[in-house]
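Colleague: I'd like to learn how to read a few features of a model like this one. Could you walk me through them?

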Amino acid sequence: MNVHTQPATAAAAPAPGKPLWQPALVQAFVKLDPRQLMRSPIMFVVELTAVFTTVLCFLPQAGVSTAVAVQITLWLWFTVLFANFAEALAEGRGKARVDSLKGVGQDLMARRQTADGLFEMVPAVGLRKGDVVRVEAGELIPGDGEVIQGIAAVNEAAITGESAPVIRESGGDRSAVTGNTQVVSDWLLVRITTNPGESTLDRMIALVEGAKRQKTPNEVALDILLIGLTLIFLLVVVTLQPFARYSGGNLPMLYLAALLVTLIPTTIGGLLSAIGIAGMDRLVRLNVIAKSGRAVEAAGDVHTLLLDKTGTITFGNRRCSAMYAASGITAKQLAEGALLASLVDDTPEGKSIVEYLRALHPMSEPARGAVTPVTFSAETRLSGIDWDGHIYRKGAVDAVLRFLGLSRSHLPDVLAREIDRIAKDGGTPLLVCADGQLLGAIHLKDVVKPGIRERFAELRKLGIRTVMVTGDNPLTAAAIAAEAGVDDVLAEATPEKKLARIREEQADGKLVAMCGDGANDAPALAQADVGMAMNDGTQAAREAANLVDLDSDPTKLLDVVQVGKELLVTRGALTTFSIANDVAKYFAILPALFASVYPQLDALNVMGLHSPQSAILSAIVFNALIIVVLIPLALRGVRIQAANASQLLRRNLLIYGLGGLIVPFVGIKLIDMALTAVGLA
Amino acid sequence: MSTTDGLLIVLFLALFLAPAPLLGRFFYRVLEGERTWLTPVLRPLERVSYRLGGIDSRQEQRWQQYALALLMFNLVGLLALFLMLLLQAYLPLNPQQLPGLEWTLALNTAISFVTNTNWQAYSGEGTLSYFSQMVGLGVQNFVSAATGIAVLVALSRGLSRRSAEALGNFWVDLTRATLYILLPLSLVLAVLLIWQGVPQTFSAYIDAQTVQGGTQALPLGPAASQIAIKQLGTNGGGFFGANSAHPFENPTALSNLLEMVSLLLIPAALVFTFGHYVKDLRQSRAILACMLGLLLIGIGVSLWAEWQNNPALASLAVEQGASLEGKESRFGITASVLWSVATTAASNGSVNAMHDSLSPLSGLVALFNMMLGEVVFGGVGAGLYGMLLNVLIAVFLAGLMVGRTPEYLGKKLEAREVRLLVVTLLVMPLGVLVLGALAVSVPGPALAISNPGPHGFSQLLYAYTSATANNGSAFGGFGANMPFHNLMQGLAMLLGRYGYILPVLAIAGSLAAKRTVPQGPNSFPTHGPLFVTLLTLTILLVGGLTFLPTLALGPMADQLTLFGGH
């Protein structure tokens, strides 16, 4: 299964066996361990408060019945548990996928080369960077590395989901191999390039495991702000007692603890980690590995996308799109000649010609074994077959003319005109000949991927410019750029030009994303703010990039941008919601808290809550339950649609800002009615 | 309320808002050393100042150097003023032979004037010599305001420069702000006030025969010059104890209007100066709209509250129009309310009515204005940099919702900036809540409170809020001059001043060093009605959430005790 092309089904498919929430429930308790909870400072404060109120339950308190004290304490613990549950649930979704891979890697043995050139068997987990291992057909590659000798077919289904084996060989752009993939033929000598704990698989795991996860820069900043708010509310609550004493009252400690927990941003504090993990999980589902969360966040900020033309904007290979017969040649003659000349040509271009003609002019084809193939060589730059005493050839215009001993001026006018037009349109003209006679021209064309134009338009609305990078000449490049609807073109691109372009954009303060696979892309990948390498590319590229696409599909860069933005929006929406909630909580708790000091403050009880106890309890219950209610949103993420910033802001402010103000008034009132009805308060 | 009242409000708003764009542009030009019509007169003076101070005006400073220069300058000013007040008996221009101040009061006063707070735990006419007033307080009135402008200018440069290390030169900014902005405006205002009858003399107090046959000492002094900078520099420290409720400090309706307008004049104009720095006046208009909105809400609530009948008097056979007790009858309700809102909004702290006598609700408005951290126009320079901190918080909280990491004017807000923002957020709670709680917890300090119940609590709350917010206005009725309050409020004032200035300069330095992300339709919009609303709500929410419980125990309980059950 190719996960990328069917993300919807992948996301919807439940993990086989037990549902995800069961282990998450257990994990929620395991995560109560303060050492783990320290990573989420807000929840750590709630846990400390819960411990404190648990102790208070055993001490008699003026004005608070034990029943209310126990309930408040329980709900404080629930608050922590709910937050833990959210994180565990988010982890579970990602881990379900990773665990199956992890199992494969256990107990794997590797054949490591020793200093004297012999091989010894060692556990794969002990392999270090620089070790050289030999992998035979049928064996699993013990770690990420680079092929230094040999050529083999490798089945990478375990990582990419793609079942067709791929060729891996030393040198060139296809030399990188991934751990836990299987060599299905021949053998490879692999130099391991990662230390234990740094492999692709380890990175995948680290992205979706709360305890190991590295917080992203914005998450760190938000954490600081949330801690700051917590500190402020701590000061507010702690100083309230002396003020109340001055005013001739005494506030129950338990109520103050409840006030603290309702005021500090528990909603976002409890869900922050889950949001981060779920975002990374969405990335993992896309089969993209981020080396750091920073790259994913940066993807949301990207201004400019540098996209390779080939493979991203157009199908990687040119396709046959039309034929032009020379004068005196019938269409059937040309079709037969072209088909035969391409019959054994296994390049995508050749195949596209055969495909095109089979549909247009079906004919009886000779068996492959009956013909003498002439393969493409750098010298002749022609390919074709010899069959039944006839010679069929096709190739670039100059090559065929040379083969026929003609000069350019011998070309019939009609054909010459067509060839010029093909070139001007960004296509590639080929000539076909049979037995020394020119049959006609083939129009090979870069075909722009369907839907890509709409995709670019969408990106433009989000403020992202797309730049097409191609080695083509400016004329050809412009033709394709116009068809694909990109904003700018970098033609006749060299790695140096690419790098210069990135630096130029960055000098203007812009963030740049690009993808690449070749070794010469490495500097540009490293320079870009978001660099995505193809998994089947070189190790150099994979190391320079901060994202690796396991499916080697450059279009995924667009999905990564989307994931990055959704991650940020979700975080912002829940932060806003969480802080806006506090208004209603104040109106619930303050009159209740000061009921003994200034009964006239009951005028602030706008919700008409039943009693001070029920008011405080309702606020704390709402505070805990809202976390559960928002878990689906945190895991799914807030969807963003193509709109400018003002529209996005207006919409999200209305939903999460205004909603955050209103929802708790309704929620607390309902909970108060329910609690009163069942007699709990 | 009559038509005249309405006219007064409109006139007041028009007079300080209308000149703001032009004045703001002028400020920008003089601060950046561009040539203006004042240059021929003042440029030689500026050059002499640099030569005397040994300052190379082209030498720019990094934020640490800038902050160090500022701190050293303020420290020297503080020590000099402290000594001057202690030793006032031995210094000239002391016709009343006033003795030196007790050391805690001297320290409190020195801090108060250096930090642009102008909290006065004393009465000017009975405590300070003309020398102390003019050379001591007068100088600080100018340079403390100029310090605020300098910090704002540094922050504006931080936001507008790209990948830069330096923020400008503190000495240059300080000199230009004093010479080109504060001096000329003060001169104009002082002359206008003298015309209206404010004394400006070195002669001793006059003994007058009263109608009842007794004698009364009429205090005089170089008041007009002091009052001009007191208003323009959002200092607020009155020449006389009764501040601008005193007939010599504020003799006529016109002088009242002029003084009211001048306390918001520079803060409003600086909003446009900022716009010129960042080359985007839309930012200025958005910030001004937010400030104006908050000011109008405050004025509206206060006016409504003051024009209510007092239910405590409802059963008596008296005709009630409005609560005039504690207000200067020469000005009436509207002028008093306008002043009380403007002075607390602007971190000025001068008063023309006793805030102790405001209705609980307008007292709450005054308190809340200060609790917001003095960002509704606020102190000269200080108000706007405080407001910009709120802008950064609003952008950080809501900015994510457009799908980008938060940025303001192309500058990314990252962990370092947020850490510094949090420090500034903690200033008001620390000064008001922690020091306030301390004051009510230990025996003794609460004796300063002169009323029982929630109103008495408001007095104390007001005193610590006023000090921390560097406002300096007094609620009245709070006997502040005791060593505990002198020292603790001194601490609150230092906290409220440098707890903002240092993080702001650090933020400025860190923002200046960043590259500037280009702004487009997909950047977070920091102008337009949507952002103004967001900013306003953020300010109210952050301030409200921090102080609602304490306000409930003070003015809210006060109000509900008064009106409860009706």
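This is a predicted model: local features need pLDDT of at least 70, side-chain atom pairs count only at pLDDT 80 or more; totals for chains, interfaces and linings use all residues.

Colleague: How many aromatic pairs does the structure hold?

Modeller: A pair of aromatic rings is described by the distance of the centres and the angle of the planes. Rings of Phe, Tyr and Trp (its six-membered ring) pair if their centres lie within 6.5 Å; planes under 30 degrees apart are stacked, over 60 edge-to-face, and the rest tilted. Over all chains there are 19 such pairs. Take W75(A) and F78(A): their centres are 5.1 Å apart and their planes at 75°, so they are edge-to-face.

Colleague: Where do W75(A) and F78(A) lie?

Modeller: Both are in helix α5 (residues 66-105) of chain A, 3 residues apart, about one turn of the helix. Helices here are DSSP runs (H or I, at least four residues), as are strands (E, at least two), numbered from the N terminus. In chain B, Y66(B), F73(B), F170(B) and W171(B) form one aromatic cluster.

Colleague: What about the interface of chain A and chain B?

Modeller: The size of an interface is often given as the accessible area lost when the parts come together. Buried area is that loss (1.4 Å probe), summed over both parts. Chain A and chain B bury about 5200 Å² between them, 76% of it on carbon and sulfur atoms. F243(A), Y246(A) and L649(A) supply 14% of the area that chain A buries against chain B, more than any other three residues. The rule finds 2 salt bridges across the interface, each needing a side-chain nitrogen of Lys or Arg within 4 Å of a carboxyl oxygen of Asp or Glu. D529(A) and R515(B) meet in a salt bridge at 3.5 Å, N to O.

Colleague: Which value does phi of N116(B) take?

Modeller: Most residues other than glycine have a negative phi. Phi of N116(B) is positive, near 65°. N116(B) sits in the loop between α5 (103-114) and α6 (124-127) of chain B.

Colleague: Is N116(B) buried or exposed?

Modeller: Buried means under 20% relative accessible area, exposed over 50%, partly exposed in between (1.4 Å probe, protein chains only). At 2%, N116(B) counts as buried.

Conventions
Residues are numbered from 1 along each chain as its sequence is written. Chains are lettered from A and ligands numbered from 1 in the order in which they are written. Side-chain values use heavy atoms; hydrogens and water are left out. Buried area is the accessible area (1.4 Å probe) that two parts lose on being put together, summed over both.
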